[in-house]
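I opened a notebook for this model and listed what to look up. The entries follow in the order in which I took them.

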There are 4 protein chains.
Amino acid sequence: MDFRPTARAQELLERLDAFLTERLDPVEPAILRELDAQAPGAFAVPPAMRELQSAARDAGLWNLFLPEPADVPGVPETLAGPGLANAEYAILAERLGRSAIASEVCNCNAPDTGNMEVLLQFGTPEQQERWLAPLLRGEIRSAFCMTEPDVASSDATNMQATARIEGDEVVLDGEKWWSTGVGHPDCEVLIFMGLTDPDAHRYGQHSMVLVPRDAPGVTVERLLPTMGFLDAPGGHGRVRFDGVRVPVDHVIGTPGGAFGIAQARLGPGRVHHCMRLIGLAELALELACRRATTRVAFGKPLANLGGNRERIADARMKIDQARLLVLHAAWLLDTEGLAGALGAVSQIKVVVPNMAQEVIDMAIQLHGGAGLSDETPLAGAWTMARALRLADGPDEVHRGVIARLELAAYKAQAAA
Amino acid sequence: MDFRPTARAQELLERLDAFLTERLDPVEPAILRELDAQAPGAFAVPPAMRELQSAARDAGLWNLFLPEPADVPGVPETLAGPGLANAEYAILAERLGRSAIASEVCNCNAPDTGNMEVLLQFGTPEQQERWLAPLLRGEIRSAFCMTEPDVASSDATNMQATARIEGDEVVLDGEKWWSTGVGHPDCEVLIFMGLTDPDAHRYGQHSMVLVPRDAPGVTVERLLPTMGFLDAPGGHGRVRFDGVRVPVDHVIGTPGGAFGIAQARLGPGRVHHCMRLIGLAELALELACRRATTRVAFGKPLANLGGNRERIADARMKIDQARLLVLHAAWLLDTEGLAGALGAVSQIKVVVPNMAQEVIDMAIQLHGGAGLSDETPLAGAWTMARALRLADGPDEVHRGVIARLELAAYKAQAAA
Amino acid sequence: MDFRPTARAQELLERLDAFLTERLDPVEPAILRELDAQAPGAFAVPPAMRELQSAARDAGLWNLFLPEPADVPGVPETLAGPGLANAEYAILAERLGRSAIASEVCNCNAPDTGNMEVLLQFGTPEQQERWLAPLLRGEIRSAFCMTEPDVASSDATNMQATARIEGDEVVLDGEKWWSTGVGHPDCEVLIFMGLTDPDAHRYGQHSMVLVPRDAPGVTVERLLPTMGFLDAPGGHGRVRFDGVRVPVDHVIGTPGGAFGIAQARLGPGRVHHCMRLIGLAELALELACRRATTRVAFGKPLANLGGNRERIADARMKIDQARLLVLHAAWLLDTEGLAGALGAVSQIKVVVPNMAQEVIDMAIQLHGGAGLSDETPLAGAWTMARALRLADGPDEVHRGVIARLELAAYKAQAAA
Amino acid sequence: MDFRPTARAQELLERLDAFLTERLDPVEPAILRELDAQAPGAFAVPPAMRELQSAARDAGLWNLFLPEPADVPGVPETLAGPGLANAEYAILAERLGRSAIASEVCNCNAPDTGNMEVLLQFGTPEQQERWLAPLLRGEIRSAFCMTEPDVASSDATNMQATARIEGDEVVLDGEKWWSTGVGHPDCEVLIFMGLTDPDAHRYGQHSMVLVPRDAPGVTVERLLPTMGFLDAPGGHGRVRFDGVRVPVDHVIGTPGGAFGIAQARLGPGRVHHCMRLIGLAELALELACRRATTRVAFGKPLANLGGNRERIADARMKIDQARLLVLHAAWLLDTEGLAGALGAVSQIKVVVPNMAQEVIDMAIQLHGGAGLSDETPLAGAWTMARALRLADGPDEVHRGVIARLELAAYKAQAAA
């Protein structure tokens, strides 16, 4: 048993930390203010953010999330990523997660990460050349259109949108929402998921299709706030697809193959989300400690009042437990693959957002009104944690998976 | 022991409920959308809201919060309020609390309610004529400027703003924030609290002063978001007072008398907040039940999946307990006065916002993404509950009061 | 709305409190030690306890639980009970609940209370003369044999024991457990519940039958510990019924009528249990406060260390909420009857034992090892609270009832 | 990063598991019944247990806890232990912890483990020969007398017992309790801690002294129940020391050196306790799953009712997180030593007993009355977990340590 990170992960972490601390941290508040002031329909990437992206690209802090270097024409080796194991990337993702924009600065932000993985693993050379290469270079952005407003997305077989194949075209119809990134000014491609063959077996009915953002029939009806936040520059869109037609070669993998692709996409994606939330929770605890040691009430620093120390201790215990659980899940993903890590990934998907929500709520409370306003990153951080109790499968669905796996052995016995 | 409401409270509740159900409920979503779209600096009261106010005034559903009818020149008897006991008003406030705007429609919204009570109880005839009468008529709005960004407002003796008396003027300096209502287009008067005499005893140093909104030296620097919400049309301002001069007759009560006034103001105000939150929690539970019985996943309504029924049962138990605690506190306030209800009011101030936060969070979870967006009132409701864990005294301060009262008897024994 | 107790309840409370404080409190620790040292099979009522019973009888603090005075031959008016409403008895039961033996001292202990109510309401004159009169006089004790080891008693229709009618006899077979009181040296009668007619409708299949403790075929196999405690002098027995024959006139009410009787029995019984637990929680909080103000660590009384004050405040809030909920349920039972109080009774059955368990656990923690040992009443108190999360319906069943009632309206709408 | 156990730990685990599964599991219930029926003063080791000890000794499953093989005259190599790192022993301790007696069977039970470590590290050759060798061989048992009834043992500097040096004797006076193991029929030596030099610095005032169990002046006043359990055959004693005189060479280490020894003793001891509790929690979850899949109510297995699956999932997540935290703490102890693992050890000491208490409580609830009685090991398991929230430092003290370490950096900054 050995809890030390690998040497290369450690080295990258140190470089990443230095980069973010020196270059990003000083300018992040100004960038966030600029982003928060943007109205829907007028999202733009602040120039300072573009400069940081450029610097991250030059520093080789780029595409860190890719499990192996991307071997794609048009993507120079320096941008192909270091090819880290999940357990290695995990500690980098934690550092990225402390910031609301660092992931995008390093081309490691959802949903682009998942979309790039899908294209790398399942895309044709043509798809890779047209969409993946510019995504890997950070020149364009993408969105993922799966969730629908009218059916429970916790049960993906409910999906109502259709991707009918008519000759050499696919025709897309339906209403999607929480299409993250669709408001980004650089967004040029959407991955759409819809019903192709209702007569196929339950997990072989749906297809994933690449859709140019400007294809006729694609309408971003509006951008949805989360709590009150619009999350510029990407946003979360409600998107209509009205008879959108794309060539059949825009299907990813094979028609009917969407579920398998979605599963492959979601496992590592959930680990990334969770590691970033660990970083966010650490940031919240750090802010809580700073506040507790500097703010005075009733003649004492807050740290010496009531149960504040216990709450700080509880936060430390919750974070450390959650981090170990994520690292273990990442290690399982690396050593046992997706199937072997199924329960572990569902576990972190429940544990981490709930933990982060609680730790951040505690930090908000210590900050008083400042914690709820935009004077700290806490309100946004809380919203991110809360949203992840729903996104990529609500708590309840993941608890169901965990219980099913736990009970499986006993049921077999009971039945025997 | 008798848990029934009085006949007049019951009768008013029925009228209020009919009015809000018929007149307000159908138009509230549109009004809220209009308010949410307003940018800081451009807040306006939607015409539909002014019409509702007018109708409420005509229907005698006006100033319901006043503990006795307001006997003030310029305020006709029909607007003077029915003069309800706290325990009577409580059930009306619960109904008002289901809506984000009903309180303002019925002239029962904070901070105007507290400001009106202060002026009624402590104002001079001149102050009452100039400020109270138009407030009671609903023609103007007001703000309350107490909390400061740089000191812990949980310990009000920290206050740094000053209200120095110079001859027949009071000179106000300082930085306030979370001045609720200051962004309202009708806001014409602020109540400012500041240090007058640092040599007086601890609770006799501060004064409350009436300040015209347009007095020279008053600057609303910006409106603060809560989570991402600006809360138009009132908002919460960060307000600078730079050498603001008002005549000494603008002091409420006597110089140095602010603490006593603040205490008198806060007791009933906390009961009002709590009763409104009970209504909000009931609304959230109602939405949760509707969702649970109509939304289907995995072939079943959500109500029949996993622990959802238990969560609904838990919400019902938490709400019912909290409501009884508030009614009991209101009854104590009515029968024992502020001093006798001290612990009870602190109890509800802790219990109710936490309860509401939990119930609303549960309802959000059942709604999935819709619960976090603006497609339900839940995100705003959660924010209201969360903010009330800090406003009017954070949980920690109220827990301290409750424990102090609880331990008092034992300490005396231990010391004896 | 009026939260004051009635005058006669207040007067009885004062007399009861004086009696218990003066007579019982000083000797209770010695009595409990004597009881705890008793081995199964050798339970005896300590003489001091019999003296206290005698004194309570003389003082008219007897059968306080009866909703109306018992009009039964052989029971003098002085022992017939004051005939209190549930909301009146509730405050007396809270006082009784502070002590582990006060209820028995005042002839107000389960399961005799429920058994007496059943006999009063459903018994024939002969049954009343033979069993009820001596129970009301406190001369004998009884047990209630319903729960079975091999089937989920949360679903009473599972019951496997049988009460077959053969001619003018009823033949009882089956295995019961958690038959409280069956180890009492004065126990002379058991109420047995078993299946009579499997072809009747679901709630008309079972009968309740009076069984002399010494009837041939009745075997108390052993007394069950609850967390190590045997609960002398009554205990909880595992009881076999092997072809036990009693005359058919020993059936209570009509054959097949057991469910209706059980429901009538359980409503007030649950309110009694809950009120007693409120008293126990108050005792635990009192002990916690005494400890917190007298015990010193790190140079300070425990009350001034870490989150201890917050925990004391939380306990106060939980108790006060739970008490109001119980009083409200009792009042509903008095004003609306069993059906109208169904949800309210299920609510208190969940809320109160969980609350008491938490408050007592907190008090244990403040007492360190003493809290877990027999040097305080806390370990026994915790066990009582914990057991009541299972007895008379586990939390889960009551949550199910509450949710069903809550969702009923919405389902009707959803179905319409 | 690598979460796999070492090969030798894995091999030992398999042998240990086979031994306990084949030899101990079938007879444990009978042994426990025999132990539970023992009265204080009449504790005896059941013959079946002695046979198991013998078998474990022969199988080399002995003294597994020792961090290096014991090189002590009179202790053959086969009994000297395999010399495992803490992270290696941890997985064995988890297996031992599933059983209430396996630790004693394998000579790995507290307080003997800690006492042996103390003697190995700090004992003189004479002390080792006389006490350590027979302890290592499992021929005698020992007790540890530190906690006192009259002072908060959370703050060890409070200790009132004295160990005065008079010439070549040490004179011991004082009242100890929770002296675990003192009731064991094989107990022959106590380690006593008392005040020697009140003028020395705060952590240099106390001494540890070896005391023959039968030394004149040693009185076991009584054995304390935990909840209702006496924990035969070791028990927890209240012990008086009245002018007990032993030669000064019975002091362990140097006079005044007790605190350092106690600290060295407690670190690994806490890890052992926590790993055993992980095993106990796993057992409880296993029992819960068996029950949930076999017990039927309302026509369904309990697993399919209400929130039961969610609770099972929650238990799985809590256990897995807690286990990783303990393994990490053990690894830190191995790689960084006691000082480097200080916070980690305090973390597990809070997290694990609370986790186990919750998981076991859930399992009890699923078992109904059986869970509270002696028909399952759950009531005893819960009591063990609950006691460990107090033993070896209460939760509150460990939370204080964690918070102090967390805040240290910020305070330095705040002070600078």
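**Entry 1: ground rules.** I count two residues as in contact if their C-beta atoms, placed from the backbone, lie within 7 Å. The model is predicted, so I use local features only at pLDDT of at least 70 and side-chain atom pairs only at pLDDT 80 or more, while totals for chains, interfaces and linings use all residues. Residues are numbered from 1 along each chain as its sequence is written, and chains are lettered from A and ligands numbered from 1 in the order in which they are written.

**Entry 2: chains A and B.** I looked up how the two copies meet. 100% of the interface residues of chain A are also interface residues in chain B, so the copies meet through the same surface. The contact takes 36 residues from chain A and 36 residues from chain B. I then asked which elements of chain A give two or more residues to the side that touches chain B. They are strand S3 (169-180), strand S9 (296-297), helix H11 (369-372), helix H12 (378-387) and H13 of chain A. Here helices (H or I, at least four residues) and strands (E, at least two) are DSSP runs, numbered from the N terminus. H12(A) gives the largest share of this side, 4 residues. By class, I noted 16 nonpolar, 13 polar and 7 charged residues on the side of chain A that touches chain B. In this scheme Ala, Val, Leu, Ile, Met, Phe, Trp, Tyr, Cys and Pro are nonpolar, Asp, Glu, Lys and Arg are charged, and the others, Gly among them, are polar.

**Entry 3: the axis.** A rotation of 180° with 0.0 Å of shift along its axis superposes chain A on chain B, with an RMSD of 0.0 Å. That is the relation of a two-fold axis. In chain A, the C-alpha nearest the axis belongs to A:Gly228, at 1.8 Å. The superposition is by least squares on the C-alpha atoms of residues with pLDDT of at least 70 in both copies.

**Entry 4: chains A and D.** I found 38 residues of chain A in contact with 37 residues of chain D. On the chain A side, two or more residues each come from helix H8 (258-294), helix H9 (308-340), helix H10 (342-367) and helix H13 (395-415). H9(A) supplies the largest share, 14 residues. I recorded 22 nonpolar, 6 polar and 10 charged residues on the side of chain A that touches chain D.

**Entry 5: two annotated spans of chain A.** UniProt, in an unreviewed entry, places "domain: Acyl-CoA dehydrogenase/oxidase N-terminal" at residues 46-139. I found this span to be 54% helix and 0% strand, with its end C-alpha atoms 15 Å apart. UniProt also places "domain: Acyl-CoA oxidase/dehydrogenase middle" (unreviewed entry) at residues 143-244. That span is 0% helix and 50% strand, and its end C-alpha atoms lie 16 Å apart. The positions are in the numbering used here, feature names are shortened, and annotations may be inferred rather than shown by experiment.

**Entry 6: strands of chain B.** I count two strands as paired if DSSP finds at least two bridges between them. Strand S2 (residues 162-166) and strand S3 (residues 169-180) of chain B pair in the antiparallel sense over 5 bridges. B:Ile165 has B:Val170 in S3(B) as its bridge partner. S2(B) and S3(B) form a hairpin with 2 residues between them, and B:Gly167 in the turn has a positive phi of about 60°. S3(B) also pairs with strand S7 (residues 236-247) of chain B, antiparallel, over 9 bridges. There B:Thr180 is partnered by B:His236 of S7(B).

**Entry 7: helix H6 of chain B.** Is this helix enclosed or open? 8 of the 11 residues of H6(B) (residues 112-122) are buried, so it is largely enclosed by the rest of the structure. A residue is buried if 20 or more other C-beta atoms lie within 10 Å of its own, exposed if 12 or fewer, and partly exposed in between, with C-beta atoms placed from the backbone. Among the buried residues of H6(B) are B:Asp112, B:Met116 and B:Leu119. The buried residues of H6(B) pack against elements of chain B including helix H7 (125-136), strand S4 (187-195) and helix H8 (258-294).
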